[in-house]
Amino acid sequence: MPYLTSVKTGTASTGVRTGFGVPGLAHPLVAPTEWNELTLPGTPLHWVALDVADGPGTRPDPHCLEAAGRLRDAGVRVLGHLDTAYGLRTFGEVISDAHRFTDWYQVDGFLLDRCPADRAGLPGVRRTITTLRELRDDAHIVLGHGTHPYPGYAEHADQLVTFSGPWNDYRWSQVAEWTADHPPERFCHFVHGVPRPHLDEALRIARWQGAATIYFTDHTHHTGHRARTVPWEPLPGYWDDIVSRVGTGVSE
C-alpha cells in the first residue's frame, strides 16, 4: 500500500484526534435533519462550512442564521464558504462575500473553495488571507486546494485541503513529502464514494498521510448543476457509524 511508505516516521503517532470538516452540507431548509445531527453532543467536528447560495447569498437567510447559531451554541466553528474559482473571481468579489458572511452570520473563519494551488497563485491568495484576517483577526482559514499545493501556502493558512476526490483515487494516493514538516491538524482530506466496508482503510490512510480533519461519504458526484458539491450535500449514509469510529478513536 503506497500510502504507508510515503510519510516520515512519527507522523502517525502525534496523538492528534481525527475530526470532521463538513465542506458543503445542503441548505438547512433542504436538509434540516442533517443540520440537527451536527449539533448532537459528542460529534467530533472541527468545523462546518456554511454555503447559503453559492456563497452568502444576497440577503440574510433566516434558516441559515438559525443553523449557524445552533452550531456556535454547541461549540462548533462555522466557516463561510468562499468560491475563489481557482483565482478567476476577483479579489473584490471574494472579500465582498466575506463581509456578508461576517456581518450576517458571524462566521468564525472561511473555507476558500477551489483555491489555486500553484506558485503563481500564491500572492493573490496571500493578499486575500491577509484581508480576511483584518476582517476577523482570529479567523480560521482553510484553503480548499483539493490537491497538494505549492508548499508556501502552508505558511499563511490554518489548514490546507490536500485531497478532495473519489475513493478509487484516494486509496492509492501518496502524500507530498513536505507535509511531514507540519502536524496533522494542518491538513484535510475529503473523499467521496467510500464504501462502508472500507471505512477503516480510509481512516488508516488519513492517519498515515497525516490529515486530522476528514470528511468521508458514500455519496458520489453526479453530472449537472453544482456537481462539484453534490457528494458533500447529504450526510454519509453511515454517518452514525463513522461518528462512532472517529469519536472513539477506532483505527487511530
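Reader: Which residues does leucine 143 touch, leaving out those up to four places away in sequence?
Author: In this predicted model, Leu143 touches Leu112, Cys115, Val125, Ile129, Tyr153, Ala157, Gln159, Leu160 and Val161.

Reader: And which residues touch the most other members of the largest nonpolar core?
Author: Leu143 is one of them, along with Trp35, Leu38, Leu50, Phe110, Ile141 and Phe216. That core has 70 residues.

Reader: How much of the protein counts as buried?
Author: 51% of its 252 residues.

Reader: Secondary structure next. How many helices and strands?
Author: There are 7 helices and 8 strands. The strands form a closed barrel in the order β1-β2-β3-β4-β5-β6-β7-β8, and the pairing is parallel. On average, neighbouring strands are turned by 25° against each other, ignoring direction.

Reader: Take β2. How many bridges does it make with β3?
Author: β2, residues 45-50, pairs with β3, residues 78-83, over 3 bridges in the parallel sense. Within that pairing, Ala49 stands opposite Leu79 of β3.

Reader: How many bridges on the β1 side?
Author: β1 and β2 run parallel and are joined by 3 bridges. Val22 has Val48 in β2 as its bridge partner.

Reader: Is β2 mostly covered or mostly open?
Author: Mostly covered, with 5 of its 6 residues buried.

Reader: Where does helix α6 lie?
Author: Helix α6, residues 199-209, lies across β7 (187-192) and β8 (213-216). Its angle to β8 is about 155°.

Reader: Which strands does α7 touch?
Author: Helix α7, residues 239-247, packs on the sheet and touches β1 (19-22) and β8. The direction of α7 makes about 135° with that of β1.

Reader: Switching to aromatics. How many pairs are there?
Author: A search of the whole structure gives 10 aromatic pairs. One of them is Phe101 with Tyr105, a tilted pair at 6.2 Å centre to centre, with 55° between the planes.

Reader: How far apart are phenylalanine 101 and tyrosine 105 in helix α3?
Author: They are 4 residues apart in α3 (residues 91-105), so about one helical turn separates them.

Reader: Buried or exposed, those two?
Author: Phe101 and Tyr105 are both buried.

Reader: Which residues do ring pairs link into a cluster?
Author: Trp47, Phe190, Tyr215 and Trp232.

Reader: What sits over the ring of phenylalanine 91?
Author: The charged end of Arg127, 3.6 Å from the ring centre.

Reader: One more residue. Where is leucine 132 found?
Author: Leu132 is in helix α4, residues 122-135.

Reader: Why does leucine 132 count as buried?
Author: Because its relative accessibility is 0%, and the cut-off for buried is under 20%.

Reader: Which residues is leucine 132 in contact with, leaving aside neighbours within four places in sequence?
Author: Its contacts are Leu82, Ile95, Ala98, Phe110, Leu112, Ala139 and Ile141. Phe110 and Ile141 are also among the core residues that touch the most other members.

Reader: Last one, on contacts between residues at least 6 apart in sequence. What share joins residues at least 24 apart?
Author: 74% of those contacts in the protein.

Notes. Residues are numbered from 1 along each chain as its sequence is written. This is a predicted model: local features need pLDDT of at least 70, side-chain atom pairs count only at pLDDT 80 or more; totals for chains, interfaces and linings use all residues. Side-chain values use heavy atoms; hydrogens and water are left out. A nonpolar core is a set of buried Ala, Val, Leu, Ile, Met, Phe, Trp, Tyr and Cys residues joined through side-chain atoms within 4.5 Å. Buried means under 20% relative accessible area, exposed over 50%, partly exposed in between (1.4 Å probe, protein chains only). Contact means heavy atoms within 4.5 Å. Two strands pair if DSSP finds at least two bridges between them. Helices (H or I, at least four residues) and strands (E, at least two) are DSSP runs, numbered from the N terminus. Axes are lines fitted to C-alpha atoms, for helices over the stretch in contact, and angles run from 0 to 180 degrees between N-to-C directions. Rings of Phe, Tyr and Trp (its six-membered ring) pair if their centres lie within 6.5 Å; planes under 30 degrees apart count as stacked, over 60 as edge-to-face and the rest as tilted. A charge sits over a ring if NZ of Lys or CZ of Arg is within 6 Å of the ring centre and within 35 degrees of the ring normal.
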